Amino acid sequence: MTTGEDPVEMRAELLERWERSAPYWNARRERMRKFGMPVSEWMIEAVSPQPGQRVLELAAGIGDTGLLAAERVRPGGTLVSSDATEGMLEAAQARAKELGADNVEFLRLELEWIDLPTASVDAVLCRWGLMLALDPEAALTETRRVLRPGGRIALAVWDGPEHNPWATVPIRALVELGHMAAPDPVAPPDPAAPPDPAAPGMFALSAPGRLTQLLQGAGFTEVVVDAVDFEASYDSFDAYFEEQRDLSRGFGDAVAGLSGADRDAVRSRIAELAAPFVSGEGAALRMPARSLVASASA
């Protein structure tokens, strides 16, 4: 984290934002499942869950990655789906019920202290959670502790802002129009600026070599880091704007605090910045996305 910031306050603010976002993620759970599926599938193949195994998903959100593993560990296996927020756990429970997944346990766990016995799980999954940890080194050390010897980890973090315009365009508009000057806990204010490696945020672990360094530093071996390119697609600009407002509380809160005229100006600027990504199919948007993915052995 950046110097001078209170970790307790930062953690509380992050968790509060995710609690408020949970209902919106739950309402869009099918869209989010499709959006993240290329990354989830890479992760599942990397850990190769087997019948009878116990798999832990950290920062599970609505739980889609872990629920893929739940099916593969049948019969006799268990998925532990965990998140730091009650709202996301409730959304994951609802998703599991929809899919008929009855071999799932739900726990409220923090990344930096995992309340499970040492060497108690065969695999760990963490999609787009580690970069938001206040102490990613501690999180990976804890993860290795709960993995059995030879157990596998697969994780994903976002690649740099230049590879993810779907996420940076709204923040860029706020910055350009003078409505966001200070760093936001879940996205840097200047998409062109390199992330602060000491601060949690969407792009905090995107620097080349950073994931390898962290995994090896925690004692993992056979480290593999790759990238998955996919797409964020929207039926219209309105759908894009509304989804960003609802799912990114930093952006949503900033927009909510603007006057009507300023809000309209921000919306217009976002439309201008998004224009290069309008497809030939009416007003639909097709925006690039790239996630870094990694696997390793305990």
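Within helix H1 (residues 7-27), Arg 20 and Glu 16 lie four residues apart, about one turn of the helix, where helices are DSSP runs of H or I with at least four residues, strands (E) need at least two, and both are numbered from the N terminus. The model is predicted, so that local features need pLDDT of at least 70 and side-chain atom pairs count only at pLDDT 80 or more, while totals for chains, interfaces and linings use all residues. Residues are numbered from 1 along each chain as its sequence is written, and side-chain values use heavy atoms, with hydrogens and water left out.

A salt bridge is taken here as a side-chain nitrogen of Lys or Arg within 4 Å of a carboxyl oxygen of Asp or Glu, and by this rule the count comes to 27. Three of these pairs are listed below.

| Pair | Closest N and O atoms |
|---|---|
| Arg 20 and Glu 16 | 2.6 Å |
| Arg 20 and Asp 253 | 2.6 Å |
| Glu 142 and Arg 145 | 2.6 Å |

The pair of Arg 20 and Asp 253 links distant parts of the chain, since Arg 20 belongs to helix H1 and Asp 253 to helix H9 (residues 249-256), 233 residues apart. Accessibility is classed as buried under 20% relative accessible area, exposed over 50% and partly exposed in between (1.4 Å probe, protein chains only). Arg 20 is partly exposed at 31%, as are Glu 16 at 38% and Asp 253 at 28%.

In helix H5 (residues 136-146), Glu 142 and Arg 145 are three residues apart, about one helical turn; Glu 142 counts as buried at 15%, whereas Arg 145 is partly exposed at 26%.
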